[in-house]
Amino acid sequence: MEHPFGCIALGLCALAVGLLVLTGLLGPSAAQPPLPGGPSWLPPYRFTARPAAGTVTGLLLASALLGALGLGLALRELRRGWAPDPGRLTVGGAAAALAVVCVPPMGSADHLVYAAYGRLAATGGDPYRDTAATLVRDGDPVGRAVEAPWTDVPSVYGPVATAEQWLAARLGGSSVHTIVLVLTLLGAATFVLTGLLLQRAAGADRVARARVAILWSANPLLLFVAVGAGHLDAFALVFAVGALLAVRRSPVLAGVLVGLACAAKVSLGLYVLALAWGLRGRPRALAALLGSALAVGVATYLPVGLGAFDQLRENTKLVSLAVPLRLVLKPMESAFGHDPARSLIGLLGWVLGALVVWLLARTAARARPAAMDAVLRDSAAAAALLSLAWLLTTPYSLPWYDVAAWAPLVLLAPSALDGLLLARTTLLVCAYVPGRVVPLPDVVDTLQRTVRGTVGPWAGAAILVAVVLVSRRAGGPPLPRSPRSPAVPRS
């Protein structure tokens with residue numbers, strides 16, 4: 001066997017997905033909120049084993065660590081020329097996504113508040129002003145299912161995300177179970193579609209397509225946070241990936257798609273910058289891209305008004321636990337007070353992000369696939385670089401945000417960026433299990449607080465140090481970036 005570690009890598013990834021599905025089948029737990037209502041014959045399916053918090057935490061941590069180990073081995077073997085059948089891997093990834101959807105979402109309770117926003121929109125409410133508490137006052141079962149601290153929080157998501165949630169609520173009615181099923185099916189379908197789009201972008205190169213299949217379609221960490229946790233990030237991201245594919249032939253279509261992505265989740269605005277970088281040598285195409293993106297933004301936000309940004313502005317003051325900037329929060333609050341410190345930390349995040357972009361620019365440039373169309377490869381490299389820099393330095397970050405960086409990164413050639421993102425995603429996934437805001441046994445609570453509040457920030461800081469080391473090792477000038485350079489077959 002020429003690449004035995006490749007087979008081991010795939011086995012570890014499969015075992016990680018198996019543990020994830022097993023955890024879901026156990027039923028409501030510290031990781032999985034109940035899903036009231038709905039016919040029992042419809043997925044998601046679960047038993048009522050009432051597993052202990054320590055059991056589900058251990059299973060999810062084992063899944064994350066085994067998946068990360070499998071991905072690390074796969075990355076090593078791919079660099080050595082391993083090229084498993086990308087078609088089989090893609091089918092296997094789709095089957096894994098379906099299996100994950102067949103058990104209830106785990107790792108957070110965000111899908112319940114998505115259901116409430118959809119229910120509000122479907123019953124004449126305003127998700128940007130009203131909250132789940134509004135539904136509770138009306139005796140609505142969807143509102144009662146939402147868990148603290150989200151019962152009094154209006155939507156932070158864009159109108160395209162609200163439209164998805166409205167559709168799910170229209171189909172599901174007052175059944176939380178059915179609304180969540182529709183949301184998770186849409187998330188899984190867009191995750192699989194994104195993998196197919198990335199395969200198309202990778203071209204005919206078998207190694208490049210195998211890289212896409214392993215690092216996206218069959219990636220157990222992404223199957224957990226993007227499919228199994230029920231978040232909307234996969235739904236929003238498919239528009240941005242579509243824009244990457246469309247940008248060379250139709251900048252107008254690319255602008256429409258990236259505008260829709262931003263109207264689902266505003267952080268995907270980084271893709272606008274990436275696409276603009278890819279078209280920097282074509283001013284008319286660049287104008288078409290930006291004009292169509294702006295038109296979509298105006299058309300989608302005009303009906304809901306500027307109130308759609310209210311909660312988003314509130315969120316800019318947040319600092320999550322497992323990020324490196326958490327280390328300076330208390331000293332800055334002591335020195336400047338609560339609100340000024342939050343503003344300064346936000347500014348510091350942007351400065352650090354720009355520094356990471358500058359440090360990793362050479363590495364990203366060298367990772368551009370030579371055989372890929374120049375506009376696509378420059379746009380993908382810029383999207384990966386900007387998204388990774390943002391993830392490593394933003395004051396507020398959660399593990400499911402990482403899909404924004406994984407999608408363009410899988411199109412690039414192997415580089416140190418792979419290891420940086422794998423370390424970041426593994427760290428954040430481990431920091432946010434079991435995931436629900438519920439009372440935990442002392443041992444589990446102490447473990448969670450230690451990983452999320454102490455290990456997370458310091459490990460994040462260590463990743464930033466690794467960025468500096470990667471930059472020093474890269475050395476030399478970046479590769480030529482002319483969008484008119486001829487394609488050269490990969491060696």
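**Reading a loop, a buried serine and a helix crossing**

Me: Where is T48 found in this structure?

Reply: In this predicted model, T48 is found in the loop that lies between helix 1 (4–25) and helix 2 (53–79).

Me: How do I read its accessibility, and is T48 buried or exposed?

Reply: The general idea is that a residue is called exposed when its relative accessible area is over 50%, and buried when that area is under 20%. T48 has a relative accessibility of 59%, and therefore it counts as exposed.

Me: How far apart are T48 and P369 in sequence and in space?

Reply: The two residues are separated by 321 residues in sequence, while from C-alpha to C-alpha the distance in space is 49 Å.

Me: Is S379 buried or exposed, and which residues is it in contact with?

Reply: S379 has its place in helix 18 (residues 374–393), and because its relative accessibility is 0%, S379 counts as buried. If we leave aside the neighbours within four places in sequence, S379 is in contact with L244, V247, A274, L275 and G278.

Me: How should I read the way helix 10 and helix 20 cross?

Reply: The general idea is to look at the angle between the axes, where 65 to 115 degrees counts as roughly perpendicular and under 35 as roughly parallel. Here the axes of helix 10 (residues 220–228) and helix 20 (residues 416–431) come within 11 Å and cross at roughly 50°, so the two helices are oblique to each other. Their crossing is left-handed.

Me: Which residues make this contact?

Reply: Helix 10 contributes L221, F224 and V225, and helix 20 contributes L422, T425, T426 and V429; of these residues, 5 are nonpolar, 2 are polar and none is charged.

Key. Residues numbered from 1 in each chain as written. Predicted model: local features only at pLDDT ≥ 70, side-chain atom pairs only at ≥ 80, totals over all residues. Heavy atoms only, no water. Axes fitted to C-alpha atoms, helices over the stretch in contact; angles between N-to-C directions. Helix = DSSP H or I, 4+ residues; strand = E, 2+ residues; numbered from the N terminus. Parallel < 35°, antiparallel > 145°, perpendicular 65-115°, else oblique. Left-handed = near helix turned anticlockwise from the far one by under 90°. Contact = heavy atoms within 4.5 Å. Nonpolar A, V, L, I, M, F, W, Y, C, P; charged D, E, K, R; others polar. Buried < 20%, exposed > 50% of the residue type's maximum accessible area, 1.4 Å probe, protein only.
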